[in-house]
Amino acid sequence: MVINIQNKSQFINSFLKPIGALTESVIIKSVNNKLICIANNEQGFILCATYNLDLKDTVQLNIPNVKRLEKVISFIGHDSFDLKYQANALSYKDDKIRFKYHFLDDNIIQSPKLSLKKISELDKDINFEIGFDKITELAKGAAFVSESEKLYFNISEKGVYGEITDKANSSVDSYEIQLCEPDASINADVSFPVHFDIVRLLSSSNCETMKVSFNTTQGFCIFDINSDLTNLKYIVSGLQQ
């Protein structure tokens with residue numbers, strides 16, 4: 001079976017790299033001309049990553065180390081190339097390099113019991129967009145409030161603000177920036193804390209803007225990032241104040 005990759009940069013930077021930033025060992029499956037990976041980490045973050053390609057065959061890649069696969073693919077000197085899948089391994093060769101990357105057997109790597117359909121059906125009651133430049137600003141602010149691992153989304157008629165602090169500890173410093181200007185469609189007054197690691201993960205993405213959705217009743221939010229060939233959805237549970 002041949003897996004044709006049309007854009008090496010997007011495959012690495014917008015698909016493999018975000019997955020590798022979240023966790024080490026993952027399962028990637030091909031479904032309806034997409035490579036799909038649903039993975040989680042110790043903080044409870046769930047990532048659903050998809051990459052569009054022309055592949056009608058069904059394949060399951062049990063990858064022991066995503067960063068190693070990302071690294072060896074980066075050595076390929078072409079933007080478009082074919083990877084050969086055979087005997088539970090992925091191989092490549094041209095006039096300059098060749099490699100073979102072996103996968104694990106089934107049932108060794110565990111993945112969340114979620115599907116694309118279930119994720120798309122999750123209810124949201126607050127929706128807005130933020131620019132990647134705001135994620136960069138929040139990442140810089142972490143150096144000022146190094147004693148907190150919480151990021152609060154403060155949502156009101158005044159707009160959406162991101163605040164790094166710990167409201168359970170009055171001695172912790174704070175750093176806050178506006179993420180989104182006032183929007184008549186946002187009818188809420190809520191402060192929603194999440195683990196700051198989501199900023200570090202979003203910083204590894206390759207995008208200009210992202211959609212952010214909240215379900216304040218069930219206590220989770222979704223960060224949705226689109227590019228020409230890829231889609232990333234981070235599902236993040238809220239923390240206690």
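1. Helices (H or I, at least four residues) and strands (E, at least two) are DSSP runs, numbered from the N terminus. By that scheme, S205 sits in the loop between α5 and β14 (209-215).

2. A word on the basis. This is a predicted model, in which local features need pLDDT of at least 70, side-chain atom pairs count only at pLDDT 80 or more, and totals for chains, interfaces and linings use all residues. Residues are numbered from 1 along each chain as its sequence is written, and side-chain values use heavy atoms, with hydrogens and water left out.

3. Back to S205. This serine is buried, at 7% relative accessible area. The cut-offs are as follows: buried means under 20% relative accessible area, exposed over 50%, and partly exposed in between (1.4 Å probe, protein chains only). A polar atom of the S205 side chain lies 2.5 Å from the backbone oxygen of L202.

4. How many salt bridges does a search of the whole structure find? The count is 7. A salt bridge here is a side-chain nitrogen of Lys or Arg within 4 Å of a carboxyl oxygen of Asp or Glu.

5. One of them joins E137 and K134, with the closest N and O atoms 3.9 Å apart. Both residues belong to helix α4 (residues 132-141). They are 3 residues apart, so about one helical turn separates them. E137 is partly exposed, at 31% relative accessibility.

6. Another salt bridge pairs E149 with R200, at 3.3 Å from N to O. E149 lies in the loop between α4 and β10 (150-156), while R200 is in helix α5 (residues 197-203), so the pair ties together parts that are 51 residues apart in sequence. Both ends are partly exposed: E149 has a relative accessible area of 36%, and R200 has 41%.

7. R200 also meets D197 in a salt bridge, at 2.1 Å from N to O. Here the two residues are 3 apart within helix α5, which puts about one helical turn between them. D197 is buried, with a relative accessible area of 17%. Taken together, E149, D197 and R200 are linked in a network of salt bridges.

8. Which residues form a positive surface patch? They are K84, K93, R98 and K100. Patches are made of residues with over 30% relative accessible area and no salt bridge; like charges are joined within 9 Å, and nonpolar side chains (Val, Leu, Ile, Met, Phe, Trp, Tyr) within 5 Å. R98 is in strand β8 (residues 98-102). R98 is exposed, at 64% relative accessible area.

9. Next, S171. This residue is in the loop between β11 (159-164) and β12 (175-180). S171 counts as exposed, at 57% relative accessibility. Its side chain makes a polar contact of 2.7 Å with the side chain of N169. A polar contact is a pair of N or O atoms within 3.5 Å; within protein, one must be able to donate a hydrogen and the other to accept it, and residues adjacent in sequence count only if both atoms are side-chain atoms.

10. Finally, two backbone angles. N32 is not a glycine, yet its phi is positive, near 50°. N32 is in the loop between β2 (26-30) and β3 (34-40), and is exposed at 72% relative accessibility. A87, also not a glycine, has a positive phi of about 55°. A87 lies in the loop between β6 (81-86) and β7 (89-93). Is A87 buried or exposed? A87 is exposed, with a relative accessible area of 70%.

Key
Accessible areas come from the Shrake-Rupley method with a 1.4 Å probe; for residues, only the protein chains shown count as cover. Lys and Arg count as positive and Asp and Glu as negative; His and the chain ends are not counted. The place of a charge is taken as NZ of Lys, CZ of Arg, CG of Asp or CD of Glu.
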